[in-house]
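Colleague: Could you walk me through this model and say what stands behind each term you use?
Modeller: Gladly, so let's look at it together.

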Amino acid sequence: MAQTQFAFFPGCSAHSTGRAYTESFMYVAERLGFEVSEIPEWNCCGASAGHLRSHDLGDALPARSLALSEETFGDRPVLALCAGCYINLRRALVHARRSPEDLARIDGLIGREWKASAEVMNGLEPFMDPEVQSRLSSCVTRPLKGLKVACYYGCAMVRPRDVCAFDDDEDPRSMERILSLTGAEPVEWSFKTECCGASHQVIVQRDMKPMVGRILENAAAAGAEAVATACPLCMLNLDMREAEANRQRAELGKPPLRLPVYYFTELIAASFGGKADEIGIKRHFTPAVETVEAARSQGVVA
Amino acid sequence: MRIGVFVCHCGSNIAGTVDVERVAREALKLPGVVFSDTNKYTCSAPGQESVCSAIKENALDRVVIASCSPRMHEATFRKMIAEKTDLNPYMLEIANIREQCSWVHKDREQGTRKACDLVAMAVAKVSCDRELFTTNLPVERRALVIGGGIAGIQAALDIADAGFPVTLVERESSIGGKMVMLDKTFPTMDCSACICTPKMSEAAENPNIEIKSLTEVESVSGYIGSFDVTLREKAKYVDYDVCTGCGLCETKCPTKKIPSEFNQGLSTRTAIYKPFPQAVPSKPTIDAEHCKKLQSGKCGVCEKVCPTGAIRYDDVDRVTTQRYGAIVVASGYELIDWTGLYGEYGAGRYPDVITGLQFERIVNASGPTEGHILRPSDRTEPKTTVIVKCVGSRDPNKGVSYCSRACCMYAAKHAHQYLDKVPDGTCYVFYMDVRCAGKGYDEFYMRTLQDGAIYVRGRVSKIYPEGDGLVCMGEDTLSGEIVRVKADMVVLETAMVPSRGSDVLASKLNVQRGPEGFFTEAHPKLRPVETNTAGVYLAGVAQGPKDIPDTVAQAGAVASKVIGLFARGQIESNPMLSKVDVSRCSGCRACVDVCPYGALGLVQANLRENSRKVTRTVCQVNEGLCQGCGACSVACRSGALDLLGFSDEGIMQEVEMLCQ
Amino acid sequence: MTANLTQQIRDRARDLLQSGTVSCFIAWEPARFEHWRTPVTIESPDEVDRIVVDEWCDQLIAKYALQRRGDGRIGMVARGCESRAVERLVADRQVSRQDVYLVGVGCTGMLDRDGGAPLKKCEECQRRNPVTYDEMVGETVEEPRPYRFGEVDRIESMEPEQRRAFFDRMFSQCAMCFACRNVCPACNCRSCFADAERVGWLEKDFGLDASRYWGLMRAFHTGDRCIECGECERACPMGLPLMTLMHKQVRDIDRLFGPYEGGGLSDAGPDPLRSYRTDDVEEFM
Amino acid sequence: MDACSESDARAQAGEAIASITEDAGVNLRDCYQCGKCSGGCPVAAGADLTPRQVIRELQLGRVDRVLGARMPWLCVDCGVCLARCPQSVDLPSLMEAICRYEVDHGCAAVREGPKFMDIFLDNLQRKGVSDEVNLAARYNIETGHLFQDVGGLPRMVGAGLIMSGGAHKLEDPSDVTRMVARLRAAPGQGGAGDREQQGNGGGR
Amino acid sequence: MSVTSDAVAAEARSRAEGAASPEGGAGSPWQPKILAFCCNWCTYAGADLAGLNRMNYPADIRLLRVPCSGRVNPQHVLRALQDGCDGVLVCGCHPGDCHYVSGNYYAKRRMMVFKRLLEYSGLRPGRFQVRWISGSEAGKFRDTVVSVTEQISQMGPMASDAPSLEALAGADALLEAARGAGDAR
C-alpha cells in the first residue's frame, strides 16, 4: 500500500516565498488522493541559526515540531517541502535515533516524550512509490511533451548521506523519474547537486554571486529549456537571481539565459491541466507561463 | 611411577643464584620421584649421556629436566630420549630455572625456593603425561596452482622444472592474467607481452604442467601432503583434442558485437573466440551466453565451417577429483569497480573517462586503436590528458583504505607513454604522494617530469563534461589554488582489489583473509608466502597489492617451499593435538565454531552407550589440520575435548602443586 | 489463561496426534495437590483430556523434548520461555527445529503453587510470546519487558567484601543437588564437567569452595547462552537467587559485545563467547 | 617556517583548537591534505583560505589564521567536502564549530553572521516562527546594508510571495520562547556576553 | 544440610590465621603466590627475553606455559584462586598477533566476562588480571610482574579477603531479600 497520509510541516516559507510550491503541491496531492494535515502549533526549524547557536538548540527546535506531529498523527511521516527544513528535521531525527541516551537528552530539551518513530520526508519522496507513479501517469491530461528540463536538487536534500539517504548524493534520479511521467524530457547534466548558496544570500551575498550563474549555465549548456527544483530556497534564489546572472553575462558579451525555474510540482500540476493561476507559475520572477503553455499545446492527449 | 629429576648448573648461569643441589634434594621428596641428580651442562654430550644412563639404570618412566627455557632445548632433550633410550620422548617436562629464575632473581634463597616450586610443577605435570607418537604422513608430490596469471605461471614453471607435476587452473579461457594485457612494464619499458607470452607457451609445453582453463576449484578436503581437490572444468563446446586452432570459426561467427573482455570493452569479439591471438591454450571456446546456437538452436555456422569437426554443442562441465600435496593460491586481483562508487567522476557515463587498464589497451600496438592514442568517444587524439591517481585507493570513505602500490609507477608510465606518442599534448597527473621505492623507480618518475608531465598535488573532486571535453576540478594543494583543467581524456588509476570469488575460495581452503579481502600470510615478515593452513601457499597480488617484479619473486619463493616439501616426501605430524572423548561429546558444535583451522567437524558415530547401540552426532578431530592450540578444549563445556601434552589434568596438577 | 485455553490445547493436541503430525505432545497435567501441575507427555489422542494449561503451570517443559529424541516429531505447548528454550536446544544442536512442533501461546505469568503470588521468574520475563512457533493458539499478549537488573545494580554497588559475604552465604547454603543443572535448557551436555573425575574439577570435599566453584562455573558455562527462564532459581530447593549471576553476565555481554538479550536465537550466529570481532573493546593492554 | 615559533604557537593555540575540534567531533589527524574538499567546494575559489587550508592551519596550531578568516562563514553547509572526503572528515561541522567559537568569543570574522543569527533567533523566540520581512528589515538596518535585495521586493509583494497575510502563527508560543531563551543562553558565558557586547539582548 | 554463618566465618578466619604464619616456617614474612598462565609464543618468549637481558623482578611469580591464551580454561583460574594463589595473571599475544590466528580473541572475550563475574562474586579487583605481552616486550613483562606483585602484596593473602562476621551477618538479610518465591519457602 502506498503511503498517502502525511503530517505537513510547512516551514516559514510555505505561505510566503514558497507559496507557489505549497499551492502546486496541494493541487497535485488532492488529485493523487494524498491526505496532508498540517502539524498543529509547529515552530520554525531554526534554519542555520539554530544549530549555529548550539547543538542543543539545533536539535530541540525541529524535535519540538516532530514531537507535536507524533502526538497528533502518530507514526505518519512528516512531510517537509523546504529542503532547509527537511535537513534540519532529518538531522534531529537521526540524532535522536543514535542512541537511547540521545533521545532522552533531546526529550529533556523539549520537555516532551518524543519517540522519534515517524519518518521525515522531502517533497519528492511521496512520489517515489510505484503505485503513486502509476496514478500520477493516469492523471496526466496535458503532457509537457518534449519539454527539456534540468532537474535540480541542490545540496540539502541529498547530503550528508547518513542523514538524507533518500537518493544518490552525486547523481540522484528521483525527480527525473517523476517528471518523465509528465511527458517532459529530463536532460543529463552535471550540476544537479551543486549548492546554489541560498542559505547565505543574506550575510555574504557578494561571495554567493557566481554560484547561481554557473548552475544555470550548465543546465542551459546541457540543452535544458527549464529548471525544476524541489526547494523554495533554491527556487527563490535561482529564479530571482537569474537576472543578475544575465547582467554579468552581458558584461562578458554573452546572450542572456532564458530559463524559467519551476517547482517540480508546478510541472506535474501543469501536466494535469492546471490553470496558470491555480498552480503557482504566475508568481515567478523569470517569466514561466509561456514555456509551460507552449509545451502543453504540443502534447494534446489523443 | 618412576620419575627422575635432573637439575642443571648451566655452569654458574643457574648455580650462581640457585642452590641446585638443594633443588635436587627437595625434588626427591615429591610424589613419584625416585631419582634426582645435577649436571654441570645437561645439554652437553657428557650431560646427555649421564641423563640417558640414569634413565636406563633406574628404569625411569618420566623425566623432568630443570634447566634453561624449553624454547631452547626441549627439542634437543626429546630427540636425545627418543634416540638413546627406550622412553617415549613426550614423557619429558622442562622446568625453566634459568631464563625465568636464576637470571632474573638475585636473592639465592628466593631463587632456590622458586626453582623448587618450578620443579614441583613440572613433576606434577609429567606425572599426567602420556606416551605420544608422531606419525609420518605421506606427501603426494603433485601441486595445484590456482590462477594462471604471471604469479601462477612462474610458480608452476619453477615447481615443474624441479620435476614435480603441476596442475595450473585458470578461470578464464586463457592463462596470462593481467600482465598479458599490459603494454609496457616500468621502469625498463620492455614490452609486457614479449616477456609474458614466452612464459605462457613454456608452461603449455612443459610436460609436467597440465593447464586447465575455464576451470574452478569446487571443493577441497584433507590437509598438507594430501589435499583432495575437486575441479570443475566448464564446457568449452570445442574438442581440444581435435581442434587445430586454425581460427576459421572465429572469422565466420555471425555474432560479432560482444564487448571484448581482453580489450576492456574497447573492441568487440565473436561468440566463438580466443580472447587474444597468443592465448594459451591456443584454441577457441564458445561463449554460451551469446552463442545463437546454444541460446536458440538456430545457427551452427562454426560447426559447418570447422575443417576438423571439433565443435561439440552438447559439451558439459567436467568434474574431476585429484590428490595434491600442496596448493598455491595465485588468484590475483581485479580493478575496483569505480563506476558504482564515484558519482563525482560521472559513474561511467562519460566515455572519455577511462581506467588505467583501458589506457594500456589503447596504447598497445595490438590493441583496438593499434597503438594510436585515440579517445573512445570520437576516436580523436586527446591534446590534454588528465591522469588521476588513488581512485579507490587510500579512500576508506568510498573505496579501500590501503595503497595499491603499483599505481604511482604505472601512472608515471602512462604519462610518459602519452607524451611520447602525443608530443604536442599536455599531461596533468593529480596525485597525493608519489611512491617510487624500487630499483630504478624514482629515476623513472624524474624522467617523466622531464618529459613534461605536470604533477598537481591534489585529489580531483569532480569531473564533468563541458563542450566536447571534460573539466577536472581540484585544488593544487601546494599553492592553495583551486584549479579546473579542461581535458580531452581522463585516465583513472584505480585500486587493486581481491579477485571476485576470493571469499569463497578462502573458505574452501580455510585460509584467512585480512579486512581488505586479501589472503593473510602466516607471518608478515618471516613466513610471507605460507598461510596458517599448512600446505597452502600464496603468490602474487592474492596476498596483497604488488608489482610484477615482487610478484615473480614471491612466486619463486612459493615454488621453493613446495619443492622443499616434495623433496622431503613426508611430514612428521605433531602429536600434541586435540583429542575427543566421544562418549562425553554432545555434538553441540562449540568447538567447530572456535577452531581456526577447520580441523574439527561433526560426524555421525555408532557408539555403545548403556550397552545399547546408538548413532549420534559427535565431533571429530582432523589430525592433519589440527595445530594444537587448545582453543576447542576450553570451548568444550563438558570436557570431551582435551589437548594432548597440555591436558586439563596436567595443568590442574601443576596448579594444585603450586597451591600446596 | 482460561479453561478455554486448556480446551483449545487439548483440541490441538488431539488433532496433531490423530493426524500423525506429532508422535507425542508435551504439556502439563494436574498433580497431587491443588494448584500443582506436572509435565506430561501424551502419546495417544485418547489421553489429551489429561492436559491442563493454566496459571499454575510453573515448570518449563521444553527440556523434556530431549528424552524423546529420535522418536518422531514432538508436539509441545510453547510460551515465550519454552520457545526460547527450544531455540537454545536447536542452537546447541540437541534437537532440530523440524523435530519439534510448537503450539504457541501468549503467557501473562504463572503463580506460586504455595500462596498464589506471581513467580519471580515471570515478573522478570522478557518474552511472554513465543519467539518461534508452528501455530498460535489465542492472541499474543502485551510484552511489558520489565527491568530485570535491579538485583545486579544492588550487588554491583556493594563493596567487594560485602559482595564476597553475600555470595559466601549464598554458596554455603548450596546443597550441591544439581537441580539447577537438571532443569536448565542451556545445561544440555551429555556429560557435565562436574562429573569428570579424572581431571577432578570439583573438589571431593563438600564445602564452600566446592559449591562456589560449581555455582560460578555453571553460571559461566551458561552465561552466554542463558535464556533467562529462571528455572534454576525456581527449582533450587534452597531458594538461592541464582539468576543474579546470569543477569550479571547477560548485561555485561550486552554492553561489551553489542545487543544481546540473553540466550540469543538459533539463527543469530555463534554465541558471544564463541565468536569475536577484531575491533572488540580492549581493556587488557 | 621557524621551528621555535611553530612550537610556541602550537602550545598557545592548543586549547582553542581542542575546544573547536571537540565541539565539531573532528579529529584533525584524519586529514592527509588531499584537497578533494576544496576542489569541489562551491565557495573555495573566492575564499581567503580553502577548506583544506583551514584544517592545515589547525593541524599546525595556527588558530589565529583560522579565527580571522572568512572561509568558515562562507561555508554553505552543502556537504560536498564531507561526501567526497576519503577520510570522512566532517568539514561542515568543523566550519560551524569555528563560527560558533567566534560567536562565543565575540570575534566573528564576518560581523553579519552573529547579527543575522541573533535577529533570527529573536524573532523565533518571540513568535516561534521566522518573520522574513521583519528579519530582512532589521538586518538591513542593523548591518547598514540598507538596500540589499530591495529590488526584488515589489515583485515579491506583487506575486503574493510576502506580506500577503496567511503566515503561520502559534496560538501559544510560550514554550518555544522559554526553550529558545534557555538554549540560547546555555552554551556558555560567551554567548550571552557576545549579545551584550552587541547591545542586542536575546530576551526581549 | 545447612552451614551457619558462624561456621563459615570461623573457617575463613582460621584460614586467614594459617596464612599469616606461612608454611616457610617461623619468622619469614608472608610472600604472595602468583600464578601466570603464559602463551608459549609471545609472553613466555617475552619472559625468556627478560631473562636473557638479566632484568630483575620479584620472585613471587610462577609461569605456567600453555600453547595459547585461548587454552587457558577459567576453571583452572578459579581453582588456582580458591586453592591458595593470591593472584592469577593470564598473558597472551596482542590481539591480531596470535600464533593460532584467533585464540587470544576468544580468550579476551571469555576473560572479560569471567573477570567481571569473579569480581561480582566478591573477588577483589587486581587479584585476577589479563595482559597482552609480545615476545619482544621483555620490559613490559618485567613491569607487569613488578606492578602485579606490588598490588597483590598490598592486598595481602587471599585468605585475608574472607568477609568479617558483620559482613556475613549483613549478607544474610540481603540474601533473604534476594530470594525468589522458590519451593523452599
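Modeller: Let me start with β3(B), α4(B) and β4(B), which make a right-handed β-α-β unit. Before going on, note that the model is predicted: local features need pLDDT of at least 70, side-chain atom pairs count only at pLDDT 80 or more, and totals for chains, interfaces and linings use all residues. Residues are numbered from 1 along each chain as its sequence is written, while chains are lettered from A and ligands numbered from 1 in the order in which they are written.

Colleague: What makes the β-α-β unit of β3(B), α4(B) and β4(B) right-handed?
Modeller: With the strands pointing away from the viewer, a right-handed crossover has a path from the first strand over the helix to the second that runs clockwise. The unit of β3(B), α4(B) and β4(B) is right-handed in this sense. Helices (H or I, at least four residues) and strands (E, at least two) are DSSP runs, numbered from the N terminus.

Colleague: How do you know that β3(B) and β4(B) pair?
Modeller: Pairing requires that DSSP finds at least two bridges between two strands. β3(B) and β4 (residues 92-96) of chain B have five bridges, in the parallel sense, so by the definition they pair. In β4(B), B:L92 is the bridge partner of B:V63. Five bridges also join β1 (residues 3-8) of chain B to β3(B), again parallel, and B:V7 has B:A66 as its bridge partner in β3(B).

Colleague: Why is β3(B) called largely enclosed?
Modeller: A residue is buried if 20 or more other C-beta atoms lie within 10 Å of its own, exposed if 12 or fewer, and partly exposed in between, with C-beta atoms placed from the backbone. Six of the six residues of β3 (residues 62-67) of chain B are buried, so the rest of the structure largely encloses this strand. B:R62, B:V64 and B:A66 point one way, and B:V63, B:I65 and B:S67 the other. In a regular strand, side chains alternate between the two faces of the sheet.

Colleague: What makes chain A agree with a compact globule?
Modeller: The radius of gyration is taken over C-alpha atoms, and the globule rule is 2.2 Å times the number of residues to the power 0.38. For 302 residues a compact globule would have a value near 19 Å, and chain A has 19 Å, so the two agree. Buried residues make up 62% of chain A, which has 12 helices and eight strands.

Colleague: Which residue classes make up the side of chain E that touches chain C?
Modeller: In that interface, 46 residues of chain E are in contact with 56 residues of chain C. α4(E) gives the most to this side of chain E, with 11 residues. The side divides into 24 nonpolar, 11 polar and 11 charged residues. Here Ala, Val, Leu, Ile, Met, Phe, Trp, Tyr, Cys and Pro count as nonpolar, Asp, Glu, Lys and Arg as charged, and the others, Gly among them, as polar.

Terms used. Two residues are in contact if their C-beta atoms, placed from the backbone, lie within 7 Å.
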